[in-house]
Amino acid sequence: MRTEDILHSPYPFQDNYMVILEMDNVSHTIHSSSQYNFYVGDNTKRIFSPFSLPKFIQSKLAMINSISKKDWNSFRHGYPFIELDCYTHHRYLRNNPEFEHIGWCVSDSIYVIIMSEDELSELKGISIDPRKESQRESQTYTQRT
């Protein structure tokens, strides 16, 4: 899949979103390291290093990677596929239905991570203040005298 052709990520899925993650190895003069490219919409790609990757993504990736690629029914290296193939969740969840709200492995370097709206906002860099929501809820249930 050509990542230049990614147009639909994040893709709505139930009450969440399917977000494409592309893992790259970046070579430096001394060493190479992983780079995590998330396609978060509006022609925007957020790039993270292993050290800056949000914790909720780290835990989902650890769970996904605990299962072998063949058990994901993922595409083999060099096999052509398109972006919409990433969203056909039944293909990947056939053997692992419990991952429906976590994500799956599409190929050696492409993953789909399931995210809530708040997680997607965090990934986009949009700050969410949970106190505002809490204040709004408490005002709803508070009766003025």
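Visitor: What should I know about the model before reading it?
Guide: The model is predicted, so local features need pLDDT of at least 70 and side-chain atom pairs count only at pLDDT 80 or more, while totals for chains, interfaces and linings use all residues. Residues are numbered from 1 along each chain as its sequence is written, and side-chain values use heavy atoms, with hydrogens and water left out.

Visitor: How is a pair of aromatic rings described?
Guide: By the distance of the centres and the angle of the planes. Rings of Phe, Tyr and Trp (its six-membered ring) pair if their centres lie within 6.5 Å; planes under 30 degrees apart are stacked, over 60 edge-to-face, and the rest tilted. Here the count is 7 aromatic pairs. Take Y11 and Y87: their centres are 4.4 Å apart and their planes at 10 degrees, so this pair is stacked.

Visitor: Which parts does the pair of Y11 and Y87 tie together?
Guide: First, the terms: helices (H or I, at least four residues) and strands (E, at least two) are DSSP runs, numbered from the N terminus. Y11 lies in strand 1, and Y87 in the loop between helix 2 and helix 3 (89–93), so the pair ties together parts 76 residues apart in sequence.

Visitor: Is Y87 buried or exposed?
Guide: Buried means under 20% relative accessible area, exposed over 50%, and partly exposed in between (1.4 Å probe, protein chains only). Y87 is buried, because its relative accessibility is 6%. Y11 has 33%, so Y11 is partly exposed.

Visitor: How are the rings of Y92 and W104 arranged?
Guide: They are stacked, with 6.1 Å centre to centre and 5 degrees between the planes. Y92 lies in helix 3 and W104 in strand 5 (residues 103–105), so the pair ties together parts 12 residues apart in sequence. Both Y92 and W104 are buried. Ring pairs also link F13 with Y92 and W104 in a cluster.

Visitor: Which charged end sits over the ring of F75?
Guide: A charge sits over a ring if NZ of Lys or CZ of Arg is within 6 Å of the ring centre and within 35 degrees of the ring normal. The charged end of R91 sits over F75, 4.0 Å from the ring centre.

Visitor: Which residue has a positive phi of about 55 degrees?
Guide: D42, although it is not a glycine. D42 lies in the loop between strand 3 and strand 4 (44–48). Its relative accessibility is 73%, so D42 counts as exposed.

Visitor: Where is the cis peptide bond?
Guide: It joins S9 and P10, with omega about 0 degrees. P10 is in the segment before strand 1 (11–13).
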